[in-house]
Structure formats: C-alpha cells, structure tokens
Amino acid sequence: MTERKEAQKGLQSLRQALADDIRDASDEEILAQFTEDVGSPDENAARMRALFEKTVLLANKGRLHAARAGAATHKVSSADSPIPIVEARARLRQVLDAHAHDKSFTLAARKESELSDADVVDMLEVMRELGLLSE
Amino acid sequence: MPVDDEKAARTRDQVEATIRAFSVANWARLHQLAKSFCFKTGWGFDDLLQEAIMRTLQGTRNCPSDVDVVKHLIDTMSSISDGEREKAHNQVPHTPTAQPGVMDAAEPASPEWSAEEHLVYEGGRAEILGLFDDDPVAQDLVEGILAHFDTEQLKELTGLQGTAYNTKRTLVRRRLLKLSPKGRIS
C-alpha cells in the first residue's frame, strides 16, 4: 500500500471510529453530550424538522417537474421559458447570493452554474412559492 | 410475483413519515454524525444531511425496507462525503515528489502522495494528536485507531477495559467533534 493510501486509511479509520461511537451511543448519552457541547437538542430538532420540510418541498417540485417533462410531447426550448433563461439565471443568482448563508438550500441548489435551464426555471418557481422571490 | 421488489425499498411516503417521526435524539445523533462526516469535504453538516435526505426522497439513494432510515441516512452521508473528499483531493494541484532530473517538469503531477499533501497530512495529524497532549492514554488510543488497531488491540495498547475504555472513547469523540469546523480529519 502506498504511503498516501496508508495515511488515508488511517484517517478513514478515525472517522469511522468516530461515526461508530456516535451511532452506537445511547439516546440519553447523545442528548446529554449534545446539550453540553452544542446546545439545546429541542431547538436543533425544530431546526432540522423545518429544514426537512423545505427539502420535501424541493423534492416535490423536482418530481412535479419530472412528471411534466415526461408528459410533454415536445421538447421545450429555453426560448419558451416564461422569461429568457439568461435573465432567469441572473435572477436566481441574485436570490442565492442574498441567501448565501441560508442553510435551507442544499449546496447543490446554491451552485447556479451547475443547474440545467429547466432546473433554474424550476428553482425560481420553488423560491416564489417559498416567498423568497418578489414578483 | 413482485413481492420481493415491493419490499426492496421503502416508498417515498414511508421515508417521509419515518423522518417526520424522528425523535429529538435521532436529530441530535444525525447532527453529530453529519459533523463527523463533513470533515474536509467543504460542506456544512446541514448541507450534508439535507443532501442525503434529498437523494433518498428523489430515489437516487433508495432506502431498503429492511434498513433503518437513520442508518440509511448515515450510510448515505458517509458515501456522499467520501465522494466529496475524493473530488476535493483531485482538484488539488499535485506537486511531484520526485527528485529534480528524475521526472520531467512537464510531466503530469503524480496522483499519489505529493510533498504538499504530505505536509498537510502531517500537520493535520499533529493537530489531532495535539488535542490530547494532556492525556497520553487518549493520544495512544487515537494513534492506535490511526494505525488500524482493532478494539482488542486498542484495549491492550491503552491498558483500559470496560467502562474505562468506553469513557476514554467518549472523550476522544467529543474532542474530535470540536475540530470539525476546521475540517482537519481529511
């Protein structure tokens, strides 16, 4: 095994040991340590649940988009978008920049340049529904 | 009969309902695990957890019906973070470690161990071990884990058994988690 692989394997072992210990700890232990090291587990749960509901909404929009795309009998070009795609991308970038520290967005969602035109339009639609986009 | 197929993966509705019923402890555990996995990925722990949930809901990472959803999310976060670390590694420019004259400067850098990586690794290792300067036994434990010792070997190395060993593992875990914002365990 090369030196690099050996080193990586060692760190992987450490990460795995850490993860195994957290996974195997009792609920009581996890809650007590969380309270001591991080803060209120209840507040964490509330924040995580809110994040989950937003994720569900985003996933729903993705599913809806896929269903629409499947039902369409012809391909919709970017020129058929409600607004020109360049404008849509600029608008999306603007909103993402304004919420750069908002943990509600997945990292993937924050990378506008890696989204397809359809995803951009879809994302704008979701943001409008979430009230993040003014008309 | 498609019975086996039907049992193969939890439906999206089942996953959603299960996650909605997660306890406060489940969320705390996932939070801590996400933190442990996001080391050196460039991702925040929230991002990692959300991505794991998103992939599960979208069906790109199906949750087998016989696998606990928490465990599935843990495995998915682990897989995503491994991929991201590898991606991050591949984006780092690698400086060849060969002696001058041995390798042509125009030759592509080795995908293996570079001088820079070696320094980063040694620095990270020293920082991790430095967390336990006040506790030589904990330091031995971490070094043993880095050297892939199994549990019995670790117990022998540290001279700890039972509760004393578990307590030391807990101490190591808590200190390592505090390192996570810097992402040193790369």
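## Model and chain A

The model is predicted. Chain A contains 6 helices and 0 strands, and its elements run α-α-α-α-α-α from the N terminus on. Of its 135 residues, 36% are buried.

Among the contacts in chain A with a separation of 6 or more, 62% are between residues 24 or more positions apart. The chain exposes about 7700 Å², and 53% of that area comes from carbon and sulfur atoms.

## Helix α2 of chain A

Helix α2 of chain A spans residues 27–37, and A:I30, A:Q33 and A:F34 are buried in it. These buried residues fall within an arc of 105° when seen down the axis of α2(A), so they line one face of the helix. The face turned away from this buried side carries A:E28 and A:E36, which are exposed.

A:G39 follows α2(A) and has a positive phi, near 150°.

## The loop at A:S113

A:S113 is in the loop of chain A between α5 (107–110) and α6 (117–129). With a relative accessibility of 63%, A:S113 counts as exposed because the cut-off for that class is over 50%.

A:S113 and A:R89 are 24 residues apart along the chain, and their C-alpha atoms are separated by 8.3 Å.

## Nonpolar core and B:W27

In soluble globular proteins, nonpolar side chains tend to be buried together. The largest nonpolar core here has 69 residues. The members that touch the most other members are B:I19, B:W27, B:L30 and B:M77.

B:W27 has a relative accessibility of 1% and therefore counts as buried, the limit being under 20%.

## Aromatic rings in chain B

How many aromatic pairs are there over all chains? The count comes to 1. The pair consists of B:F22 and B:W27, with ring centres 5.3 Å apart and planes at 70°; because planes over 60 degrees apart count as edge-to-face, the pair is of that kind. B:F22, at 5% relative accessibility, counts as buried, and B:W27, at 1%, is buried as well.

A charged side chain also sits over a ring: B:K155 lies over the face of B:Y165, at 5.3 Å from the ring centre.

## Helix α2 of chain B

Helix α2 of chain B covers residues 12–20, and its buried residues are B:R12, B:V15, B:E16 and B:I19. They lie on the same side of α2(B), because they cover an arc of only 100° around the axis.

## The loop at B:H148

Which residue has a positive phi although it is not a glycine? B:H148 does, with a phi of about 65°. B:H148 is found in the loop of chain B between α7 (136–146) and α8 (151–158). Its relative accessibility is 25%, so B:H148 counts as partly exposed.

How values were computed: Residues are numbered from 1 along each chain as its sequence is written. Chains are lettered from A and ligands numbered from 1 in the order in which they are written. This is a predicted model: local features need pLDDT of at least 70, side-chain atom pairs count only at pLDDT 80 or more; totals for chains, interfaces and linings use all residues. Side-chain values use heavy atoms; hydrogens and water are left out. A nonpolar core is a set of buried Ala, Val, Leu, Ile, Met, Phe, Trp, Tyr and Cys residues joined through side-chain atoms within 4.5 Å. Buried means under 20% relative accessible area, exposed over 50%, partly exposed in between (1.4 Å probe, protein chains only). Helices (H or I, at least four residues) and strands (E, at least two) are DSSP runs, numbered from the N terminus. Contact means heavy atoms within 4.5 Å. Accessible areas come from the Shrake-Rupley method with a 1.4 Å probe; for residues, only the protein chains shown count as cover. The arc is that of the directions from the helix axis to the C-beta atoms. Rings of Phe, Tyr and Trp (its six-membered ring) pair if their centres lie within 6.5 Å; planes under 30 degrees apart count as stacked, over 60 as edge-to-face and the rest as tilted. A charge sits over a ring if NZ of Lys or CZ of Arg is within 6 Å of the ring centre and within 35 degrees of the ring normal.
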